[in-house]
Amino acid sequence: MGDDYEATVRRKAEGLQRKDFRTLEAAVIEKRLRWCQDSLELPTGVSVTPRLGYETLLFGYLGLTESDVPVVSESDTNITWLSHNRCPTLDACARLGLSTSVVCRAVYEKPTQVLLSQIDPELRFVRDYGELRPDHHHCKEMIVRLDFGGMMRLAIDEAEKSIETGNKGYGAVVAIGERVLGVAYDTVAIERDPSLHAEVNAIRKAVKVYGDTDLCGAVLFSTCEPCPMCTALAVWANVTTIVFGASIEQTAQLGKSRIRVNATEIVSRSLGWTEVIGGVLAEQSLDLYR
């Protein structure tokens with residue numbers, strides 16, 4: 001076991017020295033997707049909860065035990081644990097003088113979400129970067145069940161405000177876990193600025209509140225599928241997931257879309273990984289544009 005662990009640490013250290021973070025992230029995503037295809041078996045008749053995500057990720061995939069990752073709080077929508085396990089990434093970073101905060105966020109955060117999304121995209125992985133080894137004795141991590149419908153209703157509320165103020169009726173929300181960072185509607189008409197789409201305004205608010213231009217872990221909710229400009233901004237901000245209500249094709253049929261290039265197409269041409277999920281409260285969103 002000791003020799004195997006040491007070999008893993010050396011392999012990770014060599015990878016961190018020889019490869020860029022994007023390449024490493026992509027490799028980890030591929031590995032975790034392959035595991036899901038080969039080994040993920042969800043029990044039938046069991047509700048999808050943060051506990052199920054915790055057990056699948058930590059026991060099923062990583063092979064840890066409850067003593068490695070003791071749970072410190074749990075509810076229907078949240079499970080929080082403290083990771084004490086031997087961590088080859090932590091040891092590799094220590095040998096190379098790298099920040100575990102930087103490496104874990106850049107290489108492992110999105111792959112963890114990829115795995116959880118195979119169970120249910122509403123299960124969101126959140127790491128507390130204020131409590132991370134080696135500066136603390138543990139890493140504080142959690143899985144949150146995020147109500148996509150509830151978040152989209154917030155976006156729809158913003159879109160209704162947009163209409164009331166003489167704008168075009170789009171709304172957007174940015175959240176990490178249960179923490180809402182930005183809520184906004186489009187202000188193109190009243191501010192006479194064609195760039196001020198709802199998603200742009202929400203992302204700008206989010207980075208100010210978050211204090212970082214890197215929104216890894218964040219979900220962008222939009223009443224309408226983001227246009228190429230807004231999708232590209234989400235990619236530049238490193239947003240993990242884009243969730244929308246009405247699609248570009250649906251709004252185009254109503255004469256509301258100018259550029260018929262969908263978000264998945266834009267994301268597919270980027271070097272990073274961004275999840276795209278459509279159709280959340282689609283009819284309620286379409287009602288805004290009819």
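This is a predicted model: local features need pLDDT of at least 70, side-chain atom pairs count only at pLDDT 80 or more; totals for chains, interfaces and linings use all residues.
Good morning. Residues are numbered from 1 along each chain as its sequence is written, and side-chain values use heavy atoms, with hydrogens and water left out.

Two strands count as paired if DSSP finds at least two bridges between them.

Strand 1 (residues 71-74) is paired with strand 2 in the antiparallel sense over three bridges. A hairpin of three residues connects strand 1 to strand 2, and Glu-74 stands opposite Ile-79 in strand 2. With strand 4 (residues 139-145), strand 2 runs antiparallel and is joined by six bridges. In that pairing, Thr-80 stands opposite Met-142 in strand 4.

How many of the residues of strand 2 are buried? Six of the six residues of strand 2 (residues 78-83) are buried, so strand 2 is largely enclosed by the rest of the structure. Buried here means under 20% relative accessible area, exposed means over 50%, and partly exposed lies in between, with a 1.4 Å probe and protein chains only. Both faces of strand 2 are covered, with Asn-78, Thr-80 and Leu-82 buried on one side and Ile-79, Trp-81 and Ser-83 buried on the other.

Two packed helices are described by the angle between their axes and the distance between the axes. For helix 2 (residues 21-39) and helix 5 (residues 100-119), the axes come within 9 Å and cross at roughly 25 degrees. That makes helix 2 roughly parallel to helix 5. By the convention used, angles under 35 degrees count as roughly parallel, over 145 as roughly antiparallel, 65 to 115 as roughly perpendicular and the rest as oblique.

Contact means heavy atoms within 4.5 Å. On the helix 2 side, the residues that meet helix 5 include Phe-21, Leu-24, Arg-32 and Trp-35, and their counterparts in helix 5 include Val-103, Tyr-108, Lys-110 and Leu-115. By class, the contact of helix 2 with helix 5 has 15 nonpolar, two polar and three charged residues. Ala, Val, Leu, Ile, Met, Phe, Trp, Tyr, Cys and Pro count as nonpolar, Asp, Glu, Lys and Arg as charged, and the others, Gly among them, as polar.

The axes of helix 8 and helix 9 (residues 228-236) come within 9 Å and cross at roughly 20 degrees. Helix 8 is accordingly roughly parallel to helix 9, and passes helix 9 in a left-handed crossing. Glu-199, Val-200 and Ile-203 in helix 8 meet Met-229, Cys-230, Leu-233 and Ala-234 in helix 9. This contact of helix 8 with helix 9 has six nonpolar, no polar and one charged residues.

Helix 8 (residues 198-210) also holds Asn-201. Asn-201 is buried, with a relative accessible area of 12%. Beyond residues up to four places away in sequence, Asn-201 touches Ala-184, Tyr-185, Asp-186, Thr-187 and Leu-196.

Turning to the other sheet, five strands form an open sheet in the order 6-5-7-8-9, with mixed pairing. Strand 6 (179-185) and strand 9 (275-277) are its edge strands. Strand 7 (residues 218-224) and strand 8 (residues 241-246) pair in the parallel sense over five bridges, and Ser-222 has Phe-244 in strand 8 as its bridge partner.

Finally, Asp-147 lies in the loop between strand 4 and helix 6 (148-164). Asp-147 is partly exposed, with a relative accessible area of 43%. Neighbours within four places in sequence aside, Asp-147 is in contact with Glu-122 and Arg-153.

Note on methods: Axes are lines fitted to C-alpha atoms, for helices over the stretch in contact, and angles run from 0 to 180 degrees between N-to-C directions. Helices (H or I, at least four residues) and strands (E, at least two) are DSSP runs, numbered from the N terminus. A crossing is left-handed if the near helix is turned anticlockwise from the far one by less than a right angle, and right-handed if clockwise.
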